[in-house]
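Q: I'm new to this one. Can you put it up and walk me through it?

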Amino acid sequence: MAFWLCCGNSDRYDFMFVVVVSLYSCSKKRGKANATWRVFSLKELHSATNNFNYDNKLGEGGFGSVYWGQLWDGSQIAVKRLKVFSNKAEMEFAVEVEILARVQHKNLLSLRGYCAEGQERLIVYDYMPNLSLQSHLHGQHSAECLLDWNRRMNIAIGSAEGIVYLHHQATPHIIHRDIKGSNVLLDSDFQARVADFGFAKLIPDGATHVTTKVKGTLGYLAPEYAMLGKANESCDVFSFGILLLELASGRKPIEKISSSVKRSIVDWALPLVCEKKFSELADPRLNGEYVEEELKRVIFVALVCAQSQPEKRPTVLDVVELLKGKSKEKISEIENSEMFRSPPAVEFNDGASAAEDSSDFISAEKELKQELTENTGAMNDTKIN
Ligand SMILES: Nc1ncnc2c1ncn2[C@@H]1O[C@H](COP(=O)(O)OP(=O)(O)OP(=O)(O)O)[C@@H](O)[C@H]1O
Ligand SMILES: [Mg+2]
């Protein structure tokens, strides 16, 4: 079963992707050398999930539904089942399987296997008993307050380490392109596992960025990516900054403050940081129980990650160092930088802010939304596919 491929224009670095995969030969070659994943039969997955019973459903995303299941040996799995068969979905399936098969890291969700029979495409993962970060911050677990400060710090550092692997250690390097709360899963010890590589791009050696159709989730998109489709590692850093703000504050990336006005989490946080009101930034569900120095660190790092100019963002390697508190000088340099000196003049007017920098990404989203609606009509509220 061979898959698709690439059309390149190296002059402009303007190529659409990239992987030549033969899942069949892949499974034959790698399956023997590396027994960490295998091909599942549809019958086996039907039986594991009680025929994809509604009660087994964990959630639904752009690709399809995800079901909890149990294999004959008692181990628990999560099965992602493709909703509608199409070339695009087949491509996403192949990208995810290809990338998952080549990554191995404690903070990345690894592949148990896949199933490709007829028009059925399924991906099998380890089940993560504590579900996603999103479910704890804004979803079904949000009232339980299971994320104390220590867990939040571990999740911040762990997920950054997973991204370090993708950006700096995997060959070729991988940009995730959809870092967000529902794609950070939590294992039984609340260790973070970054998931969902269906949108990922592999970066060929020597390329500074890839130009690509914009994919991802509103609220997390870097402005240059939303507007120009230029994807490189710093787009993931931007999304990670938004995720860090969410983790520390418990707020959503974009908040509706009235029926027509929206505010980004950056526009909310930046003035508070400039006024040094850190206690107002902490998630009220923490009841004041956090390490103040760590909270400040997380917030400063988040905001430098989520700045609109990509060249000013740190790498995710820097982010890990900063979060771990390894470089005190760098943190105080950040603390004293221009962007935290005076509160930006922010006026909210139909989602448009007067402060140029911090409002950039909302306007980017607006333009993008308009463009996509005009061009394809293929846009829902939050997701760009
Ligand atoms: N291995 C897993 N263990 C437990 N829950 C999972 C697992 N994989 C996915 N989920 C949960 O299933 C739900 C659907 O996941 P899915 O990745 O399809 O959609 P999503 O992350 O909400 O959106 P997107 O399509 O943009 O990724 C999410 O809540 C996700 O956290
Ligand atoms: Mg997901």
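Here is a short chat about the model shown above.

Q: What kind of model is this?
A: This is a predicted model; local features need pLDDT of at least 70, side-chain atom pairs count only at pLDDT 80 or more, and totals for chains, interfaces and linings use all residues. Residues are numbered from 1 along each chain as its sequence is written, while chains are lettered from A and ligands numbered from 1 in the order in which they are written.

Q: Which residues come nearest to ligand 1?
A: Gly59, Gly61, Ala78, Ser132 and Ser182, out of 23 residues around ligand 1. A residue counts as near if its C-beta atom, placed from the backbone, lies within 6 Å of the molecule.

Q: Which strand gives the most to that shell?
A: S2, with three residues. Strand S2 (57-60) and strand S4 (76-82) each supply at least two. Strands (E, at least two residues) and helices (H or I, at least four) are DSSP runs, numbered from the N terminus.

Q: Which H5 residues are buried?
A: Among them are Met153, Ile155, Gly158, Glu161 and Leu166. Buried means 20 or more other C-beta atoms within 10 Å of the residue's own; exposed means 12 or fewer, and partly exposed is in between, with C-beta atoms placed from the backbone.

Q: And what follows H5?
A: A loop between H5 and strand S7 (173-175), where Pro172 lies. A cis peptide bond joins Thr171 and Pro172, with omega about -15°. Most peptide bonds are trans.

Q: How many residues does the largest nonpolar core have?
A: 81. Phe240, Leu244, Val301, Ala302, Leu303 and Cys305 have the most contacts inside it. Helix H7 (residues 233-249) provides the largest share, 10 residues. A nonpolar core is a set of buried Ala, Val, Leu, Ile, Met, Phe, Trp, Tyr and Cys residues joined through C-beta atoms within 7 Å.

Q: Last one. What is the phi of Asn51?
A: Positive, about 55°, although Asn51 is not a glycine. Asn51 sits in the loop between helix H2 (42-48) and S2.

Q: Is Asn51 buried or exposed?
A: Exposed, with 11 other C-beta atoms within 10 Å.
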